[in-house]
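Colleague: Please open the model for us, and let us go through it one question at a time.

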Amino acid sequence: MSSPEGPPIRSVEEGGIPDHSGPGFPVRPAPLAEMLGIRKSFGSTEVLHGVDFEVLPGEVHVLAGENGAGKSTLIKILSGAYDDFEGTLYVKGEPHRFAHPSEAVTAGIATIHQELSLVPSMSISDNLFLGREHTVALGRVDFVRQEEEAREILGKTELDLSPRQPVEDLPITAQQTLEIARALARDASVVVFDEPTSALGEQEVEALFRRIRELRARGRGIVYITHKMEEIYRLADRITVLRDGVVVRTASASELPPREMVRLMVGRDLDGDKGLGVEASPEVVLKVEDLRVAHPRLRSRFVVEGVSFTLRGGEILGLAGLEGSGKSEVLHALFGALEGRTSGRASLAGTPLPLRDPTRSVANGMVLLTNDRKAMGLAPDMSVAHSVSLSSLRRFSNRWGWLRRREERTAVERLTRGFRLGAPSLDAPVRALSGGNQQKTYLARCLLPTPSVLLLDEPTRGIDVGAKADIYDLMGEWVRSGIAILLITSEMDELLTLSHRILVMSRGRVTAELSRDTASKDRILEAAMGHGRGAA
Amino acid sequence: MNGSSGVRLRQWWATPVARALLALLLMVVIGCLFNADGAFFRWSVHRDMLRQVSVFGILACGMTVVIITAGIDLSVSSVLALAAVLFAWLLLPLGWPAFLAIPVVLAAGTALGSVSGILVARMRIQPFIVTLAMMVFARGLAKVVSGGRKITNYVMDAEGTARVVDLPRVFDLVDSRILGGNLSIVTVIFLFSVALTWVVLSRLRLGRHIFAVGGNEEAARLSGVPVRRTLVSAYALSGFFAAVAGICQAAQETQGDPETGMAYELDAIAMVVIGGTTLAGGKGSVVLTLIGVLTIGYLQKILSLNAAPEATRLMLTGAIIICAVLFQRGKK
C-alpha cells in the first residue's frame with residue numbers, strides 16, 4: 001500500500017495509511033498525546049468516525065475544520081469532558097480515559113477554552129489554585145503560601161497585578177494570560193487552545209502568539225483551533241483538517257497552501273475575496289451627531305466622546321479600533337441599549353431616534369447583532385424557529401397579540417433556506433446547533449424584521465470559512481437591497497474587503513476616516529493606537 | 001425488540017412530557033398497589049381528587065408563567081386570601097351582585113400581581129424578595145378588609161345587631177357539580193385556567209416574550225423584546241389566577257377567611273416543578289404543570305386513603321418531590 005518513500009501526508013481521500021513520520025520530523029519524537037481510531041456518538045449519530053490525531057513535543061498542531069466537523073468533540077475527549085468513546089487515547093505513551101476534566105489536567109493536558117473558565121468574583125490567587133488549593137491542617141487553605149506562589153507565577157507573565165485582585169476587574173486578555181499561566185503552573189505538557197483570539201484585539205493577539213511560541217520553545221505540545229487563516233499560517237507547524245468527523249489530511253503547514261486547506265475543509269471550491277461590488281446610494285439613512293456614552297461607573301468619564309458620522313443606504317461603514325476604543329458602545333448606544341448613559345443626536349431617515357429604547361429601535365428598522373451570542377444573543381432552550389422570529393413577532397401577530405403561526409413559519413423557513421442553516425430541525429433548541437449555525441440563527445433574527453440599518457458587531461466571530469463565505473454573500477445581498485450596515489470586525493481583511501469607508505476609533509473618539517482606496521492595515525492600526533490625523 | 005422502534009421509544013422517553021407522564025403513571029401504579037381495600041378503584045376517589053386539587057392547580061397556572069420568566073411568586077397564597085375575603089365582603093355584608101363583585105376581585109388580584117411585577121421589572125429587586133414582601137403585605141391587607149375576622153353570612157350591622165343573610169347563588173354555583181355530579185365547577189375553572197395559560201404561552205406574542213425573557217433576559221432586551229412589560233404581565237397574570245383561586249376558595253368555604261390558603265404557594269411551586277418546568281427559566285409548559293398537579297393530587301389522595309398520619313404525609317411528600325424531579329431529569 002505505501003510506496004517506499006511513504007506518503008508525506010496522510011489522507012483518507014487518497015487511501016493513505018497512518019504514517020507518523022512527518023517530513024519535518026526525520027527522527028520522530030514520542031508524541032505527548034496520541035489519539036487512535038477515536039469514534040464518538042451522541043445518541044444514535046456518530047460524529048467522529050475513527051479519528052487519528054497526535055501532538056509532538058515542540059509543535060503547534062492546528063486542528064482545522066468547519067463548524068460541526070468534530071473538532072470540539074475531539075478536543076473534549078482529549079480534555080476529559082467525554083469518556084464514552086471508542087478508540088485509544090495515549091498521553092506520554094500511557095493509555096488514558098479521563099472520567100473528569102481534572103484527570104486530564106493531572107495527566108498534563110490543559111485546555112484554554114473559548115469561554116474562559118475563571119471564577120470572576122474570586123481573586124487571581126484563588127483562581128490559580130482553584131481545585132488544587134494548598135492546605136494546612138483541617139483542610140484550611142494556606143492563603144499566604146498561595147499568594148506567594150501566585151506572585152511568582154504572575155512575575156513570569158507580563159502582568160503587573162496583585163494576586164488579591166478579583167479576576168472580574170481584569171481585561172479579557174489579562175484573564176487569558178492568567179489561564180495560560182495557570183496551565184503552566186500545573187505543569188501541562190499539552191496545551192489546547194480553543195479559538196483563543198475570538199475576544200482579542202490585534203495587540204493582544206500578538207502577545208498571545210509570543211506566549212505560544214515560548215511554550216513551543218520549551219518543548220510543550222500545542223493544539224490550536226482557529227477559524228482565522230492568518231493565524232493558522234503564522235503559528236502552525238502541522239495542520240490536521242477534519243471534515244464530517246474524518247481526518248481528511250494531516251500535513252506540515254508548508255505543504256498545505258491555504259487554498260488547498262480551505263478546499264479540504266469545505267469539500268468544495270470557494271471563489272476568493274472579490275469584495276461585494278455594491279455602490280452605496282447617495283441618500284443618508286443614519287445621521288449621528290456628537291454621540292457620547294458615559295462610563296458605566298465613573299459618570300464623569302466617557303467611553304464614547306463626541307462621535308459623528310453619516311451612513312448611506314447600501315453602504316457598509318467599518319468601525320475599527322482596539323479593545324476598549326468604544327466601538328461596540330457606539331453600536332449599543334445607537335440601538336438604545338445604553339439607556340441613561342447616552343447623549344447626542346441621531347436620526348434614522350430623518351426621524352430623530354430616542355436612543356433609549358431597543359424595542360422602538362427594532363420597530364424603526366434598526367437591529368443590533370452583539371459580539372457575544374451566548375450572553376446577549378440567544379436563549380439556549382428556545383427553538384431555532386422561535387429564536388429567528390423573536391424580533392419580528394409584531395409583524396406576525398394581530399393587535400391582540402395573537403400569533404399567525406403559519407405565516408411566521410413560512411417566513412422563517414424562507415429566510416433560513418437562504419442562510420444554508422444546518423439544523424436538525426427548526427424546532428430543535430438552539431443549543432443543539434454548532435457555533436456557526438447558531439450565529440446564522442442569530443443573523444437570521446436580525447434580518448427577518450427587514451431592517452434599514454444593521455448594526456453588526458463581529459458577525460463572523462468564531463465561525464468557519466464556509467459559513468463566513470455564506471455570510472459575505474448574504475451581506476452583499478442585503479446591501480444590494482439598500483440596507484446600510486455599520487460593521488465591527490476584528491479581522492482586518494474582512495474589514496478592508498467589505499467596508500466602503502472605515503472609521504477608526506481610539507479612546508472614545510474617531511481618529512481617522514478612511515475610504516476604501518486609502519485604507520490599509522498600517523493606517524488603521526496607526527489611527528487605532530491614537531496617532532490619527534483627526535476625523536475627516 | 002425492533003431496533004427502530006426502540007430508538008423512537010428512547011427519543012419519546014427523552015421528552016419532558018413523557019417523563020412527567022411516567023411519573024404520574026408511577027403514582028397511579030402506587031395507588032393501585034396501596035389501594036386501601038379497593039377504595040382507589042372507586043371513581044368517586046378520582047373525582048374528589050380532581051376537586052381538591054383544583055384551587056392549587058389554578059395557582060400553579062400563574063406560577064408556571066412566572067417561573068418560565070426565571071422568577072417566582074410567593075405571594076399567591078396571600079393574594080388568594082385577600083381575594084377570598086374581598087369576594088365574601090362584597091357579596092355578604094355589602095350585598096353586591098356577583099357579576100360586579102367578580103371583576104372587582106379579579107382586578108384587585110391582577111393589580112397586586114402588577115405591583116410585584118413593577119418592583120421586579122423596574123426596581124430590579126429579586127423576585128423572591130419582592131413576592132415575599134407581597135406575601136406578607138397582602139395577608140395584612142386581607143386582615144384589614146375583613147377586620148381580622150372571618151366574613152360569613154352572619155352579618156353585623158352598623159348598630160351592632162347581627163343577622164343572617166342568604167348565601168348568594170354564586171357560592172353554590174362555584175361549589176356545585178355537573179355531569180351527574182362527576183365534574184365540579186371548580187375543576188372546570190381549573191381546566192379553563194390551564195387552557196388560558198396555554199393560549200398565552202403558546203399562541204400569543206406575550207408567551208414568546210415570556211420564554212425569551214426567562215431564557216436570556218439580556219438577549220431578549222437586545223432583540224427588541226419589551227422586557228419590563230413582559231415581566232409585569234407575567235406577575236399580573238399570576239395575581240389574576242390567585243384571585244380566581246380565591247373566589248373558588250371562598251365559595252368552597254362559604255366564607256372569606258383571612259387566614260385561608262396558608263403555604264399554598266409551596267404546593268403550587270411543587271406542582272410546577274414536579275411537572276418538569278425548571279426554576280432556571282426559559283422552558284416549561286402548562287401541560288407539564290397539569291400533569292404535575294395530578295401527580296401531587298394522587299400522592300395526597302393515596303396517603304389519605306391509606307390513613308397515613310400527617311407527619312408521614314409531610315415527610316413522604318417532601319421525599320417524593322425530590323425523587324420526581326430527579327427521575328425527570330433522568331440520566332444525562
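Colleague: Between which two strands of chain A does the loop with A:R507 lie?

Modeller: This is a predicted model, in which local features need pLDDT of at least 70 and side-chain atom pairs count only at pLDDT 80 or more, while totals for chains, interfaces and linings use all residues. Residues are numbered from 1 along each chain as its sequence is written, and chains are lettered from A and ligands numbered from 1 in the order in which they are written. Helices (H or I, at least four residues) and strands (E, at least two) are DSSP runs, numbered from the N terminus. In chain A, the loop that holds A:R507 lies between β19 and β20 (509-515).

Colleague: Does A:R507 count as buried, partly exposed or exposed, and why?

Modeller: A residue is buried if 20 or more other C-beta atoms, placed from the backbone, lie within 10 Å of its own, exposed if 12 or fewer, and partly exposed in between. A:R507 has 16 C-beta neighbours inside 10 Å, so it counts as partly exposed.

Colleague: What is the phi of A:R507?

Modeller: Most residues other than glycine have a negative phi. A:R507 is not a glycine, yet its phi is positive, near 45°.

Colleague: How far apart are the C-alpha atoms of A:L503 and A:E513?

Modeller: Two residues are in contact if their C-beta atoms, placed from the backbone, lie within 7 Å. Beyond its neighbours within four places in sequence, A:L503 contacts A:F309, A:L317, A:L319, A:V510 and A:E513. A:L503 and A:E513 are ten residues apart along the chain, and their C-alpha separation is 4.5 Å.

Colleague: What percentage of the residues in chain A are buried?

Modeller: Chain A holds 17 helices and 20 strands. Among its contacts between residues at least 6 apart in sequence, 67% join residues at least 24 apart. Of the 536 residues in chain A, the buried share is 47%.

Colleague: Which element gives the largest share of the side of domain 1 of chain A that touches domain 2 of chain A?

Modeller: An automatic or database domain assignment divides chain A into domain 1 (1-11 + 31-108 + 188-268), domain 2 (119-187) and domain 3 (284-531). The centres of domains 1 and 2 of chain A, taken over C-alpha atoms, are 28 Å apart. Twelve residues of domain 1 of chain A are in contact with nine of domain 2 of chain A. On the domain 1 side, the largest share, four residues, comes from α6(A).

Colleague: Turning to the two chains, which element of chain A gives the largest share of the side that touches chain B?

Modeller: In this interface, 25 residues of chain A are in contact with 20 residues of chain B. The elements of chain A that give two or more residues to it are α10 (358-364) and α11 (373-377). The largest share, four residues, comes from α10(A).

Colleague: Within chain B, how are α4(B) and α12(B) oriented to each other, and why?

Modeller: Helix α4 (residues 76-91) and helix α12 (residues 264-275) of chain B pack with axes 7 Å apart, at an angle of about 125°. B:V76, B:S77 and B:L80 in α4(B) meet B:Y264, B:E265 and B:A268 in α12(B). Axes are lines fitted to C-alpha atoms, for helices over the stretch in contact, and angles run from 0 to 180 degrees between N-to-C directions. Angles under 35 degrees count as roughly parallel, over 145 as roughly antiparallel, 65 to 115 as roughly perpendicular and the rest as oblique, so α4(B) and α12(B) are oblique.
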